[in-house]
Amino acid sequence: MSPVPDFFSPSWAESVRAALTAGPSEQARAAKLQEYWDFFELIKSMYPASWALGCRDLPDLGSTAYLFVQWDGGTVTGCRIIGPDEPLEATYVLGMDYRDWKALHEGYDAQRTVMYRKIVLEDGDLLEFFKAIYFFVESLAVIGSVPAVYPQTLRSVAPAR
Amino acid sequence: MAERKSPTAVLREGPRALSDDQVREIEDSALAEVLQVDIDDVIEYVHKDLKSLPDFTTLYRKYLKQRWDVYDLDFTQDKVDWQEKMTEEERQSFIAVASGFHHGERQVEIELPVFMIGASEEEKLHIAAQIEDEARHTVFFDRFYREVVGLKGDDIMAVLDASFPWVSETFVAPFGLLAYQADELRLHPYDERARVRYGTNYFLWIEGVLALSVMKVTLSYARWRGFLPAYYTGFTATCRDESRHVQGGMRYLQDAVRKDPTMINEIHDTLRTILSVSGVVSRRIYYEPLGWTDDEVRALFFLQLRRKLNDVGIGLSPDLEELLQRVQPVLAGG
């Protein structure tokens, strides 16, 4: 049995790639109408964009690192960690605090993560981004569910709201 | 609430003419008298001034006359109706529709302040009043969910957490977009194009279309059945508040397009995004227990959108017309 990867490590990114390719769980699919998932699959099949999903205040690093995800033809063609010194090139750049990534992993709702601006769009065309918002939200939930070791922080963490 | 007209009767009757007496009744009713006001008249009142939109100072003065105290409402009879008279099917349908508003009011309350920065001084007065309205509407739903539905929570967010399971996944499209548009305005408060895109989502779509539809569905049910008098009173007063918001928002969009006709492109681009994600639902809401069919809700939804666009003079491009045909109502609002 493989060890659980560290959050925002290369092996975690590899697990994220596999999880995104597999898509939402049967449990998640059962809770929503098939027409919603048909729309999700339609968007996924033609989505040509990339995301750089930032984690601010990553413990041990102390700065922002990004998970880069490239979509093409319905599959993830690139999924890796971009460090603070590497160039950041993605269709959409988004950022979220470490504590909110941890809350997402612990079950905080992905829709509210967007609505409550836990994750924000830092760069990219807003109206184009929202044409695929259900695909993004469901994918964010998938990423949050990937097993990982989340380091403890020294600072107290306020309850996620 | 003597009249027991079918909730959907207005769809067959079409737009109604309001007499001066009816307008006075809507405008001047104190909170206790709002129970007697017909919700269809209030929705008609929303549209009354859309062709010759009032200025922001007039809207602010109306606010000063029409503001009401949300703590004056007594939900005692509503609780009896909810627990003893309404069927389980009615309760589930009602809460499925109303929860979009419970969360929607909170969203529009907190996303509006940044829009004020780039506004004219007169419009700032109107927006400040609107923020207070939205906060009051948030408290209204908090009280309804605690005192009538029986949800528990130590604070407002805890009650929102408790009602969130009824919120549809498609809620994120208009309200998540609004949050991100507010962020855009926070960074660029004087970007007029960003303001028009924000205004299209907030004032035209969320308030002008979504909110008025959900108001109509639950309020006409309450009036038809003679149930939930405090809900009817508070939410009809909310609808009267919304008339000022929609009129102010349409005034802003109309002025922006008159000043710079290319702004219509920002309105169209925003509608293109909204409509392209509005052709799908994630869960089925059963409207029948509230006296509506899916097709009637859809007709109501289109009626609200068409009237706003026509009255304000916003035309749609052919691709938007095509997208519009595929739209499914999301019953939420703010």
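**Exercise 1. What percentage of the 161 residues in chain A do buried residues make up?**

Before we start, note that this is a predicted model, where local features need pLDDT of at least 70, side-chain atom pairs count only at pLDDT 80 or more, and totals for chains, interfaces and linings use all residues. Residues are numbered from 1 along each chain as its sequence is written, while chains are lettered from A and ligands numbered from 1 in the order in which they are written.

Step 1. A residue is buried if 20 or more other C-beta atoms, placed from the backbone, lie within 10 Å of its own.
Step 2. In chain A, buried residues come to 34% of the 161.

**Exercise 2. Find the helices and strands of chain A.**

Step 1. Count DSSP runs: helices (H or I) have at least four residues and strands (E) at least two, numbered from the N terminus.
Step 2. Chain A has 7 helices and 5 strands.
Step 3. Reading from the N terminus, their order is α-α-α-β-β-β-β-α-α-β-α-α.

**Exercise 3. Describe how α6(B) and α11(B) pack.**

Step 1. Two packed helices are described by the angle between their axes and the distance between the axes.
Step 2. Axes are lines fitted to C-alpha atoms, for helices over the stretch in contact, with angles from 0 to 180 degrees between N-to-C directions.
Step 3. The axes of α6 (residues 88-111) of chain B and α11 (residues 192-225) of chain B come within 10 Å and cross at roughly 145°.
Step 4. Residues touching here include F94(B) and V97(B) of α6(B), and Y202(B) and I206(B) of α11(B); contact requires C-beta atoms, placed from the backbone, within 7 Å.

Note on methods: A residue is buried if 20 or more other C-beta atoms lie within 10 Å of its own, exposed if 12 or fewer, and partly exposed in between; C-beta atoms are placed from the backbone. Two residues are in contact if their C-beta atoms, placed from the backbone, lie within 7 Å.
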